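Please read the points beside the sequence and the model.

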Amino acid sequence: MGLYLLRRLGLAVPTLLGVTVVVFALIRLIPGDPARLILGLQASEEEVQRLRVELGLDRPLYVQYARFFARLLRGDLGYSAVTREPVIGEIGSRLPATVQLAVSSIVVATLVGMAAGVLSATRQYSAVDYVVMTVALFGVSLPVFWLGLMLMLLFSVYLNWLPAGGYGTPAHLVLPTVALAAFSIAIIARMTRSSLLEVFTQDYIRTARAKGLHGRVVILRHALKNALIPVITVIGLQFGALLGGAILTETVFAWPGMGRLLVSAITARDYAVVQGVVLVFAGLFTLVNLVVDVLYAYVDPRIHYG
């Protein structure tokens, strides 16, 4: 297992290196002069040119990338061109809010999605099955920002039960969590249902039932455990997607996470912040995938990592 983990961590290095190249190139394809955006239309051309030199934007792209990569090797993501603060500090102040939102969303999505999937699979072709799958279809189809606005309108404006936005109390977490978890609930429910239905056809399930075991024991002890591997894969992918996909949710609910930081950085052409945020998202996604692979071995003892 130790060698496997070292090998996977080694493979993550070229992946993150590729991310730095792609992000560095793409952010510079966005039209607009960062120096002009920072100083405003009233600034003179001399002031704009001075800021370009200060930020290193007058250098060739390969020189800019080499300087960025050299700083990255020292653990330095540079300074924000807008706030002049270290990018690491900006990300560090926003990361806890994003992780809090993503963790709460994946916990809700896992509990609700798996419960709905088990309920649907054990009552295949019943009214309950059709209702669960229809709701899951809506969950997959609804855009996150639209669902967020509807939740805000209903529970904040009309009912006045929950705050419409902000951060700091458990009540502020409810609506963003529901909006962000809706898609994942639907995916996990559908995957749990299909995986369980496949396991139900196996001989060992028929044997367990023939031995007179209670239906709940057959499902929880025999069927669900063997159906977990594809579900764990989906949960891992969804958690990574939630970390990086919280951008719209954070924007709608004024959640002070990395998603809002990324949006404001892109708008201001703050290259260093955009590169830093995307790199952190890529690192977190790689780490989540590694954790998912390790969980396979615990769920299914037949899986060994050399």
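1. Helices (H or I, at least four residues) and strands (E, at least two) are DSSP runs, numbered from the N terminus. On that basis the chain reads α-α-α-α-α-α-α-α-α-α-α-α-α-α along its sequence, with 14 helices and zero strands.

2. The model is predicted: local features need pLDDT of at least 70 and side-chain atom pairs pLDDT 80 or more, while totals for chains, interfaces and linings use all residues. Residues are numbered from 1 along each chain as its sequence is written, and side-chain values use heavy atoms, leaving out hydrogens and water.

3. The C-alpha atoms fill a box of roughly 85 × 55 × 30 Å along the principal axes. Of the 306 residues, 41% are buried (under 20% relative accessible area; exposed is over 50%, partly exposed in between; 1.4 Å probe, protein chains only).

4. The structure holds four salt bridges, each a side-chain nitrogen of Lys or Arg within 4 Å of a carboxyl oxygen of Asp or Glu. One of them joins Arg 193 and Asp 129 at 2.9 Å, N to O. This pair links distant parts of the chain, helix α8 (residues 170-200) and helix α6 (residues 127-141), 64 residues apart. Arg 193 is buried at 16% relative accessibility, and Asp 129 is buried at 2%.

5. Another salt bridge pairs Arg 206 with Asp 203, with the closest N and O atoms 2.5 Å apart. The two residues are separated by about one helical turn because they lie three residues apart in helix α9 (residues 203-210). Arg 206 is partly exposed, at 46% relative accessibility.
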